[in-house]
Amino acid sequence: LDGVVASGQVESNKLDVTITELEMKSEEKGTEKESTRESNSNILDETPDYPGEKHISIQQHLADLEKLADPRVDKKQPCPLCPEEKFKACYHHKLHRHLQNLHWKVSVEFEGYRMCICHLPCHPVKSNLAGDQAFSKMGAHYHCIICSATIMRRTDMISHINRHVNKGETKTRFSTVVAPKASHEVVKESATDVQVLPNYSTPQKTDSYFNPKMKLNRQLIFCALAVLAKERKPIVCLDAFGATGIMGLQWAKHLQSSVRVTINDCNENSVAMIQENCLLNKMKVKLSTREDDNDEAMGDGEENADTIEVTKMDANVIMHLRSFDFIHLDPFGTSVNYLDSAFRNVRNLGIVSLTSTDTSSLYAKAQHVALRHYGCNIVRTEYYRELAARVVVAAVTRAAARCNKGIEVLLAVALEHFVLVVVRVLRGPCPADDAAKRIRYLIHCQWCEERSFQKEGNMVEENPYQQLPCDCHGSMPGKTAVVLGPLWSGPLFNTGFLRRMLFEAMHYGLDEVQPLLKTLVCEAECTTLKHFSAPSPYEENKQEECGVYIKTPKPAAESLVPGKRKREGLIPDAGAKRPKSESSAEHPAFYYNIHRHSIKGMNMPKLNKFLTYLSKAGYRVSRTHFDPMGVRTNAPLAQFKTILMKYSTPTYAGGQAEGPVHLPEDAQAEEQLQGAGGADFLEADQSVVAEGCPPGCDAD
C-alpha cells in the first residue's frame, strides 16, 4: 500500500511539472506575440511628432496592418483587430480582403496615419449582461491618435479630431498644449497685431476666438471708451472676455496713459495667448491669477502706466471683487448671466457696454429662448432688430435697478451678427426708479404692423385695441394684436455722446465706423443726412447727459496731438438736475419698412425723395441703421401709406384701375393728415384724387 501511494505521488508530481511547463510555453508564446506586435507598432513610436505609444489600429499603410497578423502552423492568420469569436483565422488573401473592406476603408485619416476601426474588447460597455453575451454586444470603435479616447461613430471621431486641431492639440498625446508658434497666424487690425489659431473664426471650436466681422463692433466700443477718457483720467477699464486680447490691446495702445487696462479670461490657453500678444505689441504684462486681489492691484502709480494686467478668473468673480469705470462684456451668446456682477461695483457715471451674439433668440427665430433668457415675449416683425435692442436694454435696466442704479442709454446698435448696447450708470434709487418706469409692454397689430406702447398705470382697460391707431380689430375677425415685452420704451441714442464718438473716430482715423456713426447721429436727431453737420473740435460743445452737463475739449489755437489731449472733466452746472420741460425731443420709437408697405402694381419713389415728402408734410423723419430700407418717423401708419401711394407711379397701364380701390381709406387718412397740420400739403392734390386719377400721373 505504501508503494502504491508513493508511486501515485510521483505521478502527481510529474503531472504538475508538465502543467507548469505548458503554462510557461504558453506565456512565452504570448510574450513573443506581444513583442512582435510592439515591434510592428514601432513605426508610430519612432516618429518624433507622436512620441506616445499608439494603439495597433493606428497605422500608415495597409501592409503594416497585415504584418500584425500572426501566421499559425496551418498558415492561417487571425485578424489583429477582431477577436476570435468574431473573425476566425483564415488564409492571407481572405484576411487581406477583410482588413481592406472592414477596417481600412472606414478609417479616419490624420496627417498620414489611419485610425482603423477596432473590434477588440478595449472600449468600455455599460451592460447588465454577463459573460459571452456582454462580449458579443461589444461595439466597434476608434482610438484617437492624439488622446486616449475611444469613440464609436466615425463622424464623432472626425469631429473629435477637428476639435483637437482647432485647439492646437496636435503635437503630443495625453496632453493639451497650445499649438506651436509656427502654426500661429498674425492678424493686424487698427495697428494692433494678434496671434490667432488656425481656425480662429469658428466659435466654440477654439479657446481664442477671433471674428474679423466684429471689427465694426470693436471700433464702436473704442470710440465710446475714448469719449469717456476725455471726461476723466485715468479710467480703469475691463475686457471681461479677452480671448485673443485684441480689444484691450487697442485700448492700451491708442489711449496710452489715459486708461488702465485689465484683460480677463477664464481659459488658461487664452491667457497664455494674451500674454504673447501683449509682448508682440511691446506692452508690459502683469499676470494675476489670484482671486483675493483687490483694487490695490490696479493702482494709479507711474509704473503701471503702460502695463496691461492679464487675469485668469471667472468674469463674475473679478467684477464682484474690483471696481471699474468701463466694463465690456462679450461672451459667446447672451450676456444676461453677467449683468448683476457688472453693475455691482461699476463706478458712478461709468459705462457698461455689452455685445449679445444670440441673434437667433433676439431676432425672434427662437422665441422660447428669448422668453427663457430675457423674460420677454416677442414675435417676428418688420422692426425686429430694434425690438431686439429694446429687449436687451430692458434686461440691463432691470439688472441695474436691482443694484440701486439707473441707466442712460448712449448707444444701441443691432446689425447682422450682434446687438451692442452702451449705457451710462447713475447711482441712486431715484435714477433706478426713473429708468424702471421706462419699461413697458408693446401692443403690435399683426395685420398692418402698427404698434404702440401701453399707457402708464396699473389699471386694466376694457378694450386695449383702442390704444392702436389702426382699426384692424373692427374690420378683421378675431384677435388681431399681440402684447410684446416688457421692452425699453425710452430713447436708444444720445446725440451729444454720438457726436463726440464721431469726433474720436475722425481723430484716430477709423474710417469704417464713420458712416455708421453719421447715420446714428441723424437717427438720434431724427433728421436726414442733408442737415447733418460734422462735429468741430474748435467749438465748446456743452452736452447734457444723465442730468449733468459735460463739456467737450476746447483747444483754442492749438491742434490735438496724439497722446496730449486736454480734458475738462464732468462739470456740474447750475441746472444739474435736468427739468422735464427742457429735455430735448426724443426720437420716435420704431420704424417702417418702405418695401413692406408698398402698393402692388406701383413703383415706389426713391427713399431719399420719400423722406423729403414726409418732411414737407410736417413730420420728423430719418433713416435708420437697423434696416437699410427703413424710415423712422412720427407719422402714423395711415399717413405713411397715403404719402407713399401719392408719389408712387403705376408699373403698367392696367395699374390705373387699381388706384380708386384705395380711395375710401385714403380719404379718411387725408382728413387725419389735415388735422395734424398737413392741409396745405394735400390741397394741391385734392382735385386729382376727386377725379379718380391715380397718384403719380401727369395731372399730378
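Accessible areas here come from the Shrake-Rupley method with a 1.4 Å probe, and for residues only the protein chains shown count as cover. The model is predicted, so local features need pLDDT of at least 70 and side-chain atom pairs count only at pLDDT 80 or more, while totals for chains, interfaces and linings use all residues. Residues are numbered from 1 along each chain as its sequence is written, and side-chain values use heavy atoms, with hydrogens and water left out.

**Exercise 1. Get an overview of the chain.**

Start with the surface: the chain exposes about 34700 Å², and 51% of that belongs to carbon and sulfur atoms. Next, burial. Buried means under 20% relative accessible area, exposed over 50%, and partly exposed in between (1.4 Å probe, protein chains only). By that rule, 49% of the 700 residues are buried. Then the secondary structure, with helices (H or I, at least four residues) and strands (E, at least two) taken as DSSP runs numbered from the N terminus. The count is 22 helices and 25 strands. Last, contacts, meaning heavy atoms within 4.5 Å. Of the contacts with a separation of 6 or more, 66% are between residues 24 or more positions apart.

**Exercise 2. Check the cysteines.**

A disulfide is a pair of cysteine sulfur atoms within 2.5 Å. Searching the whole structure turns up zero of them.

**Exercise 3. Work out which way helix 13 faces.**

Step one: find the buried residues of helix 13 (residues 367–374), which are Val369, Ala370 and Tyr374. Step two: look down the axis. The buried residues fall within an arc of 100°, so they line one face of the helix; the arc is that of the directions from the helix axis to the C-beta atoms. Step three: check the face turned away from the buried side, where you'll find the exposed residues His368 and Arg372. Step four: see what the buried residues pack against, namely strand 13 (346–356), helix 12 (359–362) and helix 14 (384–402).

**Exercise 4. Trace some salt bridges.**

Side chains of opposite charge can pair when their charged atoms come close. The cut-off used here is a side-chain nitrogen of Lys or Arg within 4 Å of a carboxyl oxygen of Asp or Glu. The structure holds 18 such salt bridges.

Take Glu231 and Arg500 to begin with: their closest N and O atoms are 3.3 Å apart. Glu231 sits in helix 7 (residues 215–231) and Arg500 in helix 17 (residues 495–507), so this pair ties together parts 269 residues apart in sequence. Both Glu231 and Arg500 are buried.

Move on to Arg499 and Glu525, whose side chains meet at 3.1 Å, N to O. Arg499 is in helix 17 and Glu525 in helix 18 (residues 514–525), so the pair ties together parts that are 26 residues apart in sequence. Arg499 is buried at 13% relative accessibility, but Glu525 is partly exposed at 25%.

To finish, pick out the network: salt bridges link Glu386, Arg390, Glu523 and Arg632.

**Exercise 5. Describe the surroundings of Val513.**

Locate Val513 in the loop between helix 17 and helix 18. Its relative accessibility is 0%, so Val513 counts as buried. Leaving aside residues up to four places away in sequence, Val513 touches Leu216, Gln219, Leu220, Cys223 and Ala505. For a distance check, Val513 and Met501 are twelve residues apart in sequence and 9.9 Å apart in space, C-alpha to C-alpha.
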